[in-house]
Amino acid sequence: MGTFIDGRGNFKEIELKQDLLQDHWTLAAANRRRLDRFGVKMIEFMGSVGTGKTSLIQQLVHRLKNDYSITVINGDLATTIDQERILACGVDALQINTGKECHLDAATLKGVLERLDLEQTDLILVENVGNLICPVDFPLGAHRRLLVISVTEGPYVALKHPTVFMEMEYVAVNKIDLAPVMDVDLTALVRDIMAIRPATRVFPVSCKEQKGIGELAAALVPVQ
Ligand code: MG
Ligand code: ZN
């Protein structure tokens, strides 16, 4: 059920399409078992369009590729732009074009994992479709999930999406170099995130100025 609110403040309950979320959890658990069998760790990157998910993955790849055999999976509605950006970093990258689907799902990931040489892989970085809202409800089987937000989303991004932030173990706040221009109080933004889930680990970063990347990389890997 959802709530519809009209211009005069009237509420109305509306039916929302029910997904078979249980199936997604079952498939995600199977993906995780497959990864664990080969000792492969998978980290998922979520966040809105334009928050810098691909840029952050590029930065992490540069720092980690000498120590880990990395494959990146890029989810997007269309184009191979992200894949090309990752390939340019010198690691393997696969593009999933979802067409109209606004998130990746465990069944799609299963098909991709079956095609990868997991024996030769240490780390898989998955970039979900640019979307802040629904990917969180569709687990893929990743060992870690990171939400990438950006100060360009404004000061209220956490307050407006509490259910998403409630699930997040790691949050990267990107483009902190733009915080003064965007009039975003970084301290207040971090406080809002921590208020929703006190155990969340928040990493202010700037891919452009390469700030905070080392700290984030050290927190994400090695995956225990
Ligand atoms: Mg991207
Ligand atoms: Zn979706």
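Gly141 sits in the loop between strand 6 and strand 7; helices (H or I, at least four residues) and strands (E, at least two) are DSSP runs, numbered from the N terminus. The model is predicted, so local features need pLDDT of at least 70 and side-chain atom pairs count only at pLDDT 80 or more, while totals for chains, interfaces and linings use all residues. Residues are numbered from 1 along each chain as its sequence is written, chains are lettered from A and ligands numbered from 1 in the order in which they are written, and side-chain values use heavy atoms, with hydrogens and water left out.

Back to the glycine. Gly141 is buried, with a relative accessible area of 8%. Buried means under 20% relative accessible area, exposed over 50%, and partly exposed in between, with a 1.4 Å probe and protein chains only. What does Gly141 touch, not counting residues up to four places away in sequence? Its contacts are Ala28, Asn31, Arg32, Leu35 and Met42, where contact means heavy atoms within 4.5 Å. Gly141 and Arg32 are 109 residues apart in sequence, yet their C-alpha atoms are 4.7 Å apart.

Next, the metals. The magnesium ion (ligand 1) has Thr54 (OG1), Asp82 (OD) and Glu127 (OE) as protein donors, at 2.0 to 2.3 Å. Donors are N, O and S atoms within 2.8 Å of the metal (3.2 Å for Na, K and Ca), and water is not among the atoms, so sites may look incomplete. Along the sequence, the spacing of the magnesium donors is T-x27-D-x44-E. Asp82 in helix 3 and Glu127 in strand 6 (residues 123-127) are 45 residues apart, a pair that links distant parts of the chain. Both Asp82 and Glu127 are buried.

The zinc ion (ligand 2) is coordinated by Cys102 (SG), His103 (ND1) and Cys134 (SG), at 1.9 to 2.1 Å. The spacing of the zinc donors is C-H-x30-C. Are these residues buried or exposed? Cys102 is partly exposed at 34%, Cys134 is buried at 15%, and His103 is buried at 10%. The structure has zero disulfides, a disulfide being a pair of cysteine sulfur atoms within 2.5 Å.

Strand 4 (residues 70-76) and strand 5 (residues 92-97) run parallel and are joined by six bridges; two strands pair if DSSP finds at least two bridges between them. Val72 has Ala93 in strand 5 as its bridge partner.

Finally, the backbone. The peptide bond from Val221 to Pro222 is cis, with omega near -5°; Pro222 is in the segment after helix 9. Lys175 is not a glycine but has a positive phi of about 60°, and is partly exposed at 23%. Asp183, also not a glycine, has a positive phi of about 60° and is exposed at 67%.
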